[in-house]
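Q: Please take a close look at one part of this model, the aromatic residues and the nonpolar core around them, and describe it with the cut-offs spelled out.

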Amino acid sequence: MGDNKWFVGRWHINRMEKWSTDAINLVGQAFIEFDEDDMGRFQFIAVTGFTDCRYSIRDEQPCVEFSWQGHDERDETCGRGWAKIGTDGELIGHLYIHCGEDSEFTASKV
């Protein structure tokens, strides 16, 4: 497994390609969080998920790929995603909802 030190902690999701800032913060500050045990969680709009993460280096940049399961409102759902550390220290990634929508996102470390 790769090194998770670049990612551990909470990141506020600042922007998502598909939805407005008001929408992504509907039930609270949108975030993605990575813990030291290679797990994590996220929330945006009414979607919440718990992640199982794998860390590596791609194109000389730290990156993480993850699968997730959770809820969209009251419906169970799952998906996958990835993120990398951008040159300015911002988190840049993409989140996919299984058989549903997907969106790029950016986030800043809290």
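**The aromatic cluster and the core**

A: Phe7, Phe34, Tyr55 and Phe66 form one aromatic cluster, where rings of Phe, Tyr and Trp (its six-membered ring) pair if their centres lie within 6.5 Å, and where planes under 30 degrees apart count as stacked, over 60 as edge-to-face and the rest as tilted. The model is predicted, so local features need pLDDT of at least 70 and side-chain atom pairs count only at pLDDT 80 or more, while totals for chains, interfaces and linings use all residues. Residues are numbered from 1 along each chain as its sequence is written, and side-chain values use heavy atoms, with hydrogens and water left out.

A search of the whole structure finds six aromatic pairs. One of them is edge-to-face and joins Phe7 to Phe34, at 5.8 Å centre to centre with 70° between the planes. This pair links distant parts of the chain, since Phe7 belongs to the segment before E1 and Phe34 to strand E2, 27 residues apart; strands (E, at least two residues) and helices (H or I, at least four) are DSSP runs, numbered from the N terminus. Tyr55, like Phe7, is buried.

Phe34 also belongs to the largest nonpolar core, which has 23 residues and in which Ile13, Ile32, Phe44, Leu91, Leu95 and Phe105 are, together with Phe34, those with the most contacts; such a core is a set of buried Ala, Val, Leu, Ile, Met, Phe, Trp, Tyr and Cys residues joined through side-chain atoms within 4.5 Å. Strands that each supply at least two residues of this core include E1 (9-16), E2 (31-34), E4 (47-58) and E8 (102-109). Not counting residues up to four places away in sequence, Ile13 touches, among others, Ile24, Phe31, Ile32 and Phe105, a contact being heavy atoms within 4.5 Å.

Definitions and conventions
Buried < 20%, exposed > 50% of the residue type's maximum accessible area, 1.4 Å probe, protein only.
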